[in-house]
Amino acid sequence: MIEYLEILGQEVYKIIFLLVPILVSVAMIVWLDRRVWGLVQKRKGPNVVGPFGLFQTLADALKYIFKEIIIPASANKVVFILAPIITMTLALVAWAVIPMSEDLVLANINVGILYLFAISSLGVYGIIMGGWASNSKYPFLGAIRSAAQMVSYEVSIGIIIINVLLCVGSLNLNDIVIAQKELWYVIPLFPMFVIFFISSLAETNRPPFDLPEAEAELVAGYQTEYSGMMYAMFWLGEYANILLMCAMGSILFLGGWLPLMDIYPLNIIPAPIWMILKILFLFLLFALIKAIVPRYRYDQLMKLGWKIFLPFSLIYLVLTASFLFYFDKLPKVNI
Amino acid sequence: MIVHSIFFYFFSVIAIFSSLMVITSRSTINSVFFLILDFISVGCLFIMVGAEFLGMILLIVYVGAVAVLFLFVVMMLNVAEQKQSWFIGKKSTHIPTGLIVSTLILLELLVVVGGWKYKEDLMSSSTLLLSEISNTHQLGLVMYTDYILYFQLAGIVLLLAMIGAILLTFRERVGVKKQSYLNQISRDPSNAVELIEVKSNQGVKVDD
């Protein structure tokens, strides 16, 4: 029994060393997002608190903690409180399988990519529960919209993942990264990378697909009734999800923790730094898109998901499979 | 092994408790939430016996898609406060049907589990017995070799169901303006702008 407790202690220690950097980087990423947004619009963005305004998010978080949490009288209290907790938990739990280098990973499981996909498809519950439990029209409309949007774009993300898996022959995230040693999948599967990126914008409710919280129509969507720390949890969960999507994109297409090229000055940089650089690169694209693209209309969003992305990724899947089969490049599985 | 059985009992107690709550809870929304909890704990049980692929697929398909639709329907129909009359009040018409279905399922389970327990060669496929390859590979090996016909037939049945559902709910609405990207892009100034000389007291009729 003592042995198990020891193992448990080690795991808790590892988990804390995973969670704290993620929470800190979420805070930094919020700052980066606002900063990029400001620079695109020729403003300065947050630059007062701390050096370059780096502590702005911490100040915001402190403000949220001390604000009063208001629960509407007609709300379903249990579900109302549960919703932000679920969003935050799911966003953090998924990080357990993300490999930062060959052996720097909390759980190197065989079905890593399925786990990521499952967790990201559970993310819709936080939103739909929050919207319904508020017992108010705008949050409910926002939740319904969001659920439809996330379920739709998951389908095409799933097919894109199948595309990558066909080339790899394994569901393990480390195997997916190692299979890209010769060539990152962003080159042969470039159209899939573009579709994955756009779908992950929709999946995380980022502009131009932030219809669940379109302030012109729905006040603030599913978050309308939330205040104080509960709102902050939704907000942090959303950004942790965005980071997760960036990590997923860099593992599937940009070669994860592999260096840019396996030559001398590049391959002495440690693997986690490469991973972080790739996540940051994708996040900068996210932030730039938020600043420069106007919001989609809802029917256009659905049309894009079902009538353009889904058929296109299916056709590309058939193409990939035929190519791999014809040139005898299908991955050999050693059983 | 102790930890293994602790986890097993933890998940199975949650699974049984939540499946009981699904049928006894008064609010429909809570039923759906307990159904989700049930799916998740059954998925965890799958993962514990080494069937990680099945567990993850259960999470993705049932929790990620099917239960979302359940939740959707329950919320949209606004039946959240409907009282279920079990033994009080009016007689429910669902109970006889439910009893018949559950008896059938119990019989099926008895046949399958009993047969598997007492007849060793019921599992005809030999690939399943190789235990050193991972669960996902095993499933793939069996599904695309021994059972390829059933796999394809299941796919066709699902496709037919999808087409049927679309046909049933499809209706052509008249008088709705639709956006056509092709028409918008292929407009050019020569036929988009028209110069009309308006006669006085007559006006212009603009087609809409």
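# A report on chains A and B

Across the interface of chain B and chain A, the rule finds 0 salt bridges. A salt bridge here means a side-chain nitrogen of Lys or Arg within 4 Å of a carboxyl oxygen of Asp or Glu. This is a predicted model: local features need pLDDT of at least 70, side-chain atom pairs count only at pLDDT 80 or more, and totals for chains, interfaces and linings use all residues. Residues are numbered from 1 along each chain as its sequence is written, chains are lettered from A and ligands numbered from 1 in the order in which they are written, and side-chain values use heavy atoms, with hydrogens and water left out.

## Where the chains meet

The rule does find 3 residue pairs in polar contact across the interface of chain B and chain A, both residues at pLDDT 80 or more. A polar contact is a pair of N or O atoms within 3.5 Å; within protein, one must be able to donate a hydrogen and the other to accept it, and residues adjacent in sequence count only if both atoms are side-chain atoms.

On the side of chain B that touches chain A, helix 2 (28–48), helix 3 (52–77) and helix 5 (135–143) of chain B each supply at least two residues. Helices are DSSP runs (H or I, at least four residues), numbered from the N terminus. Helix 3 of chain B gives the most to this side, with 13 residues. By class, the side of chain B that touches chain A has 20 nonpolar, 5 polar and 1 charged residues. Ala, Val, Leu, Ile, Met, Phe, Trp, Tyr, Cys and Pro count as nonpolar, Asp, Glu, Lys and Arg as charged, and the others, Gly among them, as polar.

The area buried between chain B and chain A is about 2500 Å². Carbon and sulfur atoms give 79% of that area. Buried area is the accessible area (1.4 Å probe) that two parts lose on being put together, summed over both.

## Helix pairs in chain A

Two helix pairs are listed here. Axes are lines fitted to C-alpha atoms, for helices over the stretch in contact, and angles run from 0 to 180 degrees between N-to-C directions.

| Helix pair | Angle | Axis distance |
|---|---|---|
| Helix 4 (112–122) and helix 6 (137–168) of chain A | about 175° | 12 Å apart |
| Helix 2 (56–66) and helix 10 (228–252) of chain A | roughly 140° | within 7 Å |

Helix 2 of chain A and helix 10 of chain A are therefore oblique to each other. Angles under 35 degrees count as roughly parallel, over 145 as roughly antiparallel, 65 to 115 as roughly perpendicular and the rest as oblique. Their contact includes A:Asp60 and A:Tyr64 of helix 2 and A:Trp235 of helix 10. Contact means heavy atoms within 4.5 Å.

In the other pair, residues of helix 4 of chain A, among them A:Phe117, meet residues of helix 6 of chain A, including A:Glu154 and A:Leu165. This contact divides into 5 nonpolar, 3 polar and 1 charged residues.

## Backbone and charge

Most residues other than glycine have a negative phi, and most peptide bonds are trans. A:Asn205 has a positive phi, near 55°. A:Asn205 lies in the loop between helix 8 and helix 9 of chain A. A:Pro208 has its place in the loop between helix 8 (190–203) and helix 9 (215–218) of chain A. A cis peptide bond joins A:Pro207 and A:Pro208, with omega about 5°.

Over all chains, the count comes to 6 salt bridges. A:Lys14 forms a salt bridge with A:Glu11, and the closest N and O atoms are 3.5 Å apart. Both residues, A:Lys14 and A:Glu11, lie in helix 1 (residues 2–40) of chain A, 3 residues apart, about one turn of the helix.
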